[in-house]
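Please read them with the structure open.

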Amino acid sequence: MTIPTREARLAHARRHCDLWNAGKKQEWIESWRTIVKTDDVIMFDPVGTEEKRGFDHFTEHAWGLFQSILKMYMITVKVNGNEMAWVIESHFQPGDELIK
């Protein structure tokens, strides 16, 4: 498996929240595809939880569950070797109440 470049991962991170918040699902998924070339991928989201497997799980599935009630704001991104981590401030609004 080829590891995406640091530059490619940072470029994806710069677009991640803006595309999500704008409701641009296809562009958001395409941005993920610039760094994830396989469907066999593992993600820990949020950190400390059980691993999640599969490209569709953290794109299509996550979009369907959360996009309408979640806005995200990138705080920081770290890239080290074949790993990438970021801190995102999440604003959930499942009803009238905003949860930060």
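1. Is serine 31 buried or exposed? Serine 31 counts as buried, because its relative accessibility is 3%; buried means under 20% relative accessible area, exposed over 50%, and partly exposed in between, with a 1.4 Å probe and protein chains only. Serine 31 sits in helix 2. Apart from neighbours within four places in sequence, serine 31 is in contact with His12, Arg15 and Leu19, where contact means heavy atoms within 4.5 Å. Between serine 31 and arginine 9 there are 9.6 Å from C-alpha to C-alpha, and the two are 22 residues apart in sequence.

2. On the basis of these notes: this is a predicted model, in which local features need pLDDT of at least 70 and side-chain atom pairs count only at pLDDT 80 or more, while totals for chains, interfaces and linings use all residues. Residues are numbered from 1 along each chain as its sequence is written, and side-chain values use heavy atoms, with hydrogens and water left out. Helices (H or I, at least four residues) and strands (E, at least two) are DSSP runs numbered from the N terminus.

3. Two packed helices are described by the angle between their axes and the distance between the axes. Helix 1 (residues 6-21) packs on helix 2 (residues 25-33) at an angle of about 160 degrees, and their axes are 9 Å apart. That makes helix 1 roughly antiparallel to helix 2. Axes are lines fitted to C-alpha atoms, for helices over the stretch in contact, and angles run from 0 to 180 degrees between N-to-C directions. Angles under 35 degrees count as roughly parallel, over 145 as roughly antiparallel, 65 to 115 as roughly perpendicular and the rest as oblique.

4. The crossing of helix 1 and helix 2 is left-handed; a crossing is left-handed if the near helix is turned anticlockwise from the far one by less than a right angle, and right-handed if clockwise. On the helix 1 side, His12, Arg15, His16, Leu19 and Trp20 meet Glu27, Trp28, Ser31 and Trp32 of helix 2. The residues of this contact divide into 4 nonpolar, 3 polar and 2 charged. Here Ala, Val, Leu, Ile, Met, Phe, Trp, Tyr, Cys and Pro count as nonpolar, Asp, Glu, Lys and Arg as charged, and the others, Gly among them, as polar.

5. Helix 2 also packs with helix 3, at an angle of about 165 degrees and with the axes 11 Å apart. Helix 2 is therefore roughly antiparallel to helix 3. Their crossing is right-handed. Lys25, Trp28, Ile29, Trp32 and Arg33 of helix 2 make the contact with Phe55, Phe58, Thr59, Glu60 and Trp63 of helix 3. The residues of the contact of helix 2 with helix 3 divide into 6 nonpolar, 1 polar and 3 charged.

6. Which residues have the most contacts inside the largest nonpolar core? They are Trp20, Trp28, Trp32, Val36, Phe55 and Phe58, in a core of 15 residues. At least two residues of this core come from each of helix 1, helix 2, helix 3 (55-66) and strand 3 (70-80). A nonpolar core is a set of buried Ala, Val, Leu, Ile, Met, Phe, Trp, Tyr and Cys residues joined through side-chain atoms within 4.5 Å.

7. Tryptophan 32 is in contact with His12, His16, Met43, Phe55, Phe58, Thr59 and Trp86, leaving aside neighbours within four places in sequence. Methionine 43 lies in strand 1 (residues 42-43) and counts as buried at 18% relative accessibility. Not counting residues up to four places away in sequence, methionine 43 touches Trp32, Glu50, Glu51, Lys52 and Phe58.

8. For contrast, lysine 100 is exposed, with a relative accessible area of 69%. Lysine 100 belongs to the segment after strand 4 (83-92). Threonine 34, in the loop between helix 2 and strand 1, is partly exposed at 42%.
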